[in-house]
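Please keep the sequence and the structure in view.

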Amino acid sequence: MEKLSSAAVVPQLLRNIIIAVVVFADESLLQISGNSKLLEKLRVFLVTCFLFFLRSLPSVVSFANPNSKKKKTKNKMLVISDCEESGIGRAIWQLLSAMNEIPVSSRKYQVVRSLAERLIDENHGENSIALFDLNRRVLNASFRTTLSRLEAAVERNSNRRDIGEPVRRGLNRVVRAAVRAVGDGFIGWGGEETADQTAETSEKLAAELLWLAEKMAVYGFVDEAVEKWASASNLASLALSSEPRLQCSLVQISALLFKEAKDIKEGREEEGEEAKLREIKKKMLISWIPLLCRASNGADKPVLRSAERADLEKVLEKMISELNEEEQERVLSLWLHHYTHCSSSDWPDLNDSYVRWCHSSRQLLLLRHSSHISP
């Protein structure tokens with residue numbers, strides 16, 4: 001996962017600072033203006049200029065960093081090239097892309113999703129290696145794209161929360177004052193999604209990601225989804241402070257992919273493949289165990305049924321047992337931290353794994369000690 005560059009961080013920081021300064025200035029002008037029409041007009045003028053600047057800031061950033069747009073276009077072309085060798089591939093890719101874009105409240109959403117599912121299922125029913133490979137490439141590409149969009153949406157929502165509620169309330173008042181003065185030319189601020197819209201987008205993308213993962217698991221090519229999910233450490237970190245409904249979907253995706261990861265090509269004999277698979281499992285455990293500990297109760301009811309929880313605990317125990325001593329310590333220390341600091345949940349219960357690791361560590365110490373004192 002690429003780290004945020006300074007070019008991406010600075011505009012966001014600048015924007016937050018300007019918002020705070022303008023809100024403070026607006027409150028000061030509001031206090032001293034009283035019944036003065038001149039000061040009130042000055043206040044409205046400053047607010048309008050501020051909103052104009054806020055709207056233009058994204059385009060300024062894009063101009064200052066032209067590689068960003070080129071990179072997005074290049075990535076999009078690379079994804080499309082995975083599916084463009086046949087008409088049926090392009091059709092399924094177009095439907096899956098449209099599914100990302102259409103609001104779930106639209107009646108056309110279910111039409112597009114059903115048609116995509118029908119074409120994918122018909123490909124699978126043909127028992128053709130070429131169509132199997134086509135489904136694999138299209139669904140893998142869609143999973144990568146949806147995961148990237150989900151992480152971006154969750155990060156946007158997190159950045160909004162970082163502004164702080166007092167500043168947000170002040171900013172909303174500033175915007176309302178400007179709208180009353182200049183009419184309906186401004187919708188929201190900066191023409192962006194509101195926090196509620198971003199949360200809804202995140203939940204929708206997470207639901208679509210779960211649907212894609214389920215399809216890939218059924219058709220037998222879930223390997224890349226597991227690898228991508230294991231590498232999504234930034235999303236996993238952001239998820240700890242996300243909305244409960246989004247956390248529920250992410251727990252469901254994690255539960256599915258943990259179970260699939262356990263069975264991926266067990267007994268790989270190719271050189272380096274076993275080590276690669278163990279590394280993927282380790283990354284997956286480190287990234288997603290904290291969320292399992294903190295979000296398993298869900299918003300209104302437990303995310304997983306009792307039997308599903310028990311099964312997933314066994315999967316986690318097996319995956320942990322396949323790691324070496326140091327890797328087990330890292331995973332189990334992380335689990336213990338989040339398990340003990342979340343009073344609302346007592347799952348996943350990995351006490352047996354922790355005790356086994358402690359016993360193994362003790363025996364290793366005794367073995368080393370005896371080797372030192374033996375003649």
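**From surface to interior**

Phe45 is exposed, with a relative accessible area of 52%; exposed means over 50%, buried under 20%, and partly exposed in between (1.4 Å probe, protein chains only). The model is predicted, so that local features need pLDDT of at least 70 and side-chain atom pairs count only at pLDDT 80 or more, while totals for chains, interfaces and linings use all residues. Residues are numbered from 1 along each chain as its sequence is written, and side-chain values use heavy atoms, with hydrogens and water left out.

Phe45 belongs to helix α2, residues 37-64 (a helix is a DSSP run of H or I of at least four residues, numbered from the N terminus). Together with Leu42 and Leu46, Phe45 forms a nonpolar surface patch with about 290 Å² of accessible area. Accessible areas come from the Shrake-Rupley method with a 1.4 Å probe, and for residues only the protein chains shown count as cover.

Asn123, in helix α5 (residues 107-125), is buried at 7% relative accessible area. Beyond its neighbours within four places in sequence, Asn123 is in contact (heavy atoms within 4.5 Å) with Ile88, Ile92, Leu131, Leu134 and Asn135.

How many disulfides are there? With a disulfide taken as a pair of cysteine sulfur atoms within 2.5 Å, the count is zero. Cys293 is in no disulfide, and the nearest cysteine sulfur, that of Cys342, is 7.4 Å away. Cys342 is likewise in no disulfide. Cys293 is buried at 1% relative accessibility, and Cys342 is buried at 10%.

Terms used
Patches are made of residues with over 30% relative accessible area and no salt bridge: like charges are joined within 9 Å, nonpolar side chains (Val, Leu, Ile, Met, Phe, Trp, Tyr) within 5 Å. A salt bridge is a side-chain nitrogen of Lys or Arg within 4 Å of a carboxyl oxygen of Asp or Glu. Helices (H or I, at least four residues) and strands (E, at least two) are DSSP runs, numbered from the N terminus.
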